[in-house]
Amino acid sequence: MLKADNLSKVFNIHILGDKVIEGCENISFHVSKGEFLGLAGPSGAGKSTILKCIYRTYLATGGDIWYDSILYGQVNLATIADPMVIGIRHKEIGYVSQFLKVIPRVSAIDVVAEPLLTRNGASANEARKKAGELLERLNIPARLLDAYPATFSGGEQQRVNIARAVIWKPRLLLLDEPTASLDRESVSIVVELLREMKEQGTSMIGIFHDNELMESITDRVYRVNPEISDVG
Amino acid sequence: MPIAPILDVKNLTKIFGKGCPLCHDSTGPEHETNVCRRCGSVVACSDVSFELYLGEILGIVGESGSGKSTVVKLLHFDWDATFGEMYFQNTEDRKQNIDMTIDIDGKNLIALSPFIKRQTRNAFMGVVYQNPHLGLRMDVSSGGNIAERLIMANWRNIAMMRDRASGLLEKIEIPVERMDEPPRNFSGGMQQRVQIAKALSNEPLLLFLDEITTGLDVSVQARVLDLIRKLQRELQLSMIVVSHDFGVIRLLCQRTMVMKYGRIVEKGLTDQILEDPQHPYTQILVSSQL
C-alpha cells in the first residue's frame, strides 16, 4: 500500500547562511494493507521526519513515496500536486502529532466531532454523539467535554488529539509518539483502540518511545539509520 | 480524479503608472523593490498565477505592501488589472438560477466589459474588508445594508429581503431585534460580522476576506474565525483569505501563497509552508512569528 524508496530529506536553512541539516537519508520500507509498521531509532534519527514527508508537511528532497490511493490510483506522495494531497488527507491518510494544535474557542467535543462533519457528512448531533462516546472511552471526564482543550493537561490534550485522528477511521494512520505523555491506564486504552482499528483494516505507521510497547502492537519494526548514533 | 478549479488565475498584473517593458524585470523580491527603475511605475503585483478549488480556503500571506490586497481587489474587480487572465468555472446547479447576459464559462473575465464584471460580482462573489467602513454604509440600518446587496442581485420583494436579512444576522450571531440599527452603533467585531452577512447575502461561490480580524481583540478575533470555519463547512464556499497573521492562516487555510514585492515567492500546503518553508523570505517570516 505504501512504499518508501530511498527517501531523503535535507533542510536548507537560508537564514542561517544556507546551513544544511539532514533530516533522514536513504529510507526504504514498505507497508502492506492492514499492516502496522513501527519506526525505531535513536532520537534525531529522522523518524518524525519520515512521517512528515509521507503526510507532506515536509517536502522530500530525494527518493519516492509510492502510495496506492483510492482516489487517484498509484501516486508518489513526494511529488503529487497539493490539491491531490488535500484530497488524500481528507479521505485516506490521518496523522496524530505529538502535540495538539489548539483551535481557539472550540470545545473538546467539537474538536473531535469536526472531522466527521467535514468528511462523512454526519449531522451535528450524530457527530457530537460519536465524539462524546470516543472521548468517554478515552477517559476524558464528561465535565471537560464542553471546555476548551487549551486548558487541559498534556495527557488530556494528547487523548483529544488521538480521538480527532481516529474518529473518521482513516485508511492509513501515521502516529508520532501518540502515547508519550499518557499514564499507563490511558496507554492501554489507546493500544486497544489501535488494535480495533487494525482489525477493521486500517494500516498504520507508528513511532513509540517505549520499545516493549512497540514490539507488542506492531507487526514489524523498521530501524531508521541504525549506524547514525555511531557516526554522530 | 483531479477536479477542475473553480477559479483559474494567470499572470495577474497591476502596474500603477505608465509602465514600460522593464517594469517586470526590474522589480520583485530579487531586486527588493516594486518600483520600476526606468519609468518609476509601481508594480503592485505581477505574474500572479494560481488555482482555487471548490470548497477550498486559500491563504495569501505577506507583509504590508507585498501586493496581497491588490490581488483581491483585482479579483473582485474593485480595480482593473493591467493585464492577466481569470477564468471562473460556474457550477451546473447554479447556472439555472443566475440571471446573466452572457455565459462566462471559458471567458477571460479580466477582458470583459465593466457591466459583465459587475454582473459576475453580484452573482458569484462576496468580499469582507479589513475596514468595515469600506464594506458597509454606516448610517443605513444593518438590514438595509444587506438589502442593498440583494437589490443588486435583482431581488425586489421587501418581505423576502427582510426574511433573508434576519436569517443571515441570526447566522452571524447578531440579535435580530437590532436589525434596524445602523452599523455605526455596533462594536468593531459586530460591524465585521454584519459585513460578513452582507457578503454572504447573494449566496456567493467565492468569498474574499481581506485582513478581517486585524484590529479586533483576540476574543472577538477567535469568534469571527470560528464563524468563518462554520460557514465554510456549511456552505461549501471557496475563499481567499488575505492576512499578515500566520495564526489566522493556519486556522483557516489548506493552502497558502506567500507574497513579497508583488510576486508569489512560494505556495504550498499551509502546514508545509509553516514547518518546511523553502524560500528564504518565507523562512524569515515563519521564524519571526511569536
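## About the model

The structure is a predicted model, in which local features need pLDDT of at least 70 and side-chain atom pairs count only at pLDDT 80 or more, while totals for chains, interfaces and linings use all residues. Residues are numbered from 1 along each chain as its sequence is written, and chains are lettered from A and ligands numbered from 1 in the order in which they are written.

## The two chains

Let's begin with chain A. It has eight helices and nine strands; these are DSSP runs numbered from the N terminus, with helices (H or I) of at least four residues and strands (E) of at least two. The C-alpha trace of chain A spans about 50 × 40 × 40 Å along its principal axes. A compact globule of 232 residues would have a radius of gyration near 17 Å, so the 18 Å of chain A agrees. The radius is taken over C-alpha atoms, and the globule rule is 2.2 Å times the number of residues to the power 0.38. Of the 232 residues in chain A, 39% are buried. Here a residue is buried if 20 or more other C-beta atoms lie within 10 Å of its own, exposed if 12 or fewer, and partly exposed in between, with C-beta atoms placed from the backbone.

Chain B has 11 helices and nine strands. Its C-alpha atoms fill a box of roughly 55 × 45 × 45 Å, taken along the principal axes. For 290 residues the compact-globule value is near 19 Å, and chain B has 19 Å, which agrees. Buried residues account for 47% of the 290 residues in chain B. Among contacts between residues at least 6 apart in sequence, 66% in chain B join residues at least 24 apart; the corresponding share in chain A is 68%. Two residues are in contact if their C-beta atoms, placed from the backbone, lie within 7 Å.

## A parallel sheet in chain A

Five strands of chain A make an open sheet in the order S6-S7-S8-S3-S9, with parallel pairing. Strand S6 (93–96) and strand S9 (220–223) of chain A are the edge strands, each pairing on one side only. On average, neighbouring strands of this sheet are turned by 20° against each other, direction ignored. Two strands pair if DSSP finds at least two bridges between them. Strands of a sheet pair through backbone hydrogen bonds, either parallel or antiparallel.

Val96(A) has Leu175(A) in S7(A) as its bridge partner. Across S6 and S7 of chain A lies helix H5 (residues 154–166) of chain A, running at about 180° to S6(A). Such angles run from 0 to 180 degrees between N-to-C directions, with axes fitted to C-alpha atoms, for helices over the stretch in contact.

## The nonpolar core

The largest nonpolar core has 136 residues, and those with the most contacts inside it are Ile65(A), Val112(A) and Leu174(A). The largest share of this core, seven residues, comes from H3(A). A nonpolar core is a set of buried Ala, Val, Leu, Ile, Met, Phe, Trp, Tyr and Cys residues joined through C-beta atoms within 7 Å.

Not counting residues up to four places away in sequence, the residues that Ile65(A) touches include Leu2(A), Leu7(A), Cys53(A), Ile54(A) and Leu77(A).

## Where the chains meet

In the contact between the chains, 20 residues of chain A touch 20 residues of chain B. Helix H2 (82–91) and helix H3 (108–119) of chain A each supply at least two residues of the chain A side. H2(A) gives the most to that side, with five residues.

## Two loops with positive phi

Most residues other than glycine have a negative phi. Arg56(A), in the loop between helix H1 (47–55) and strand S4 (62–69) of chain A, has a positive phi near 75°. Arg56(A) is buried because 26 other C-beta atoms lie within 10 Å.

Glu173(B) sits in the loop between H6 and H7 of chain B, and its phi is positive too, near 65°. With 12 C-beta neighbours inside 10 Å, Glu173(B) counts as exposed.
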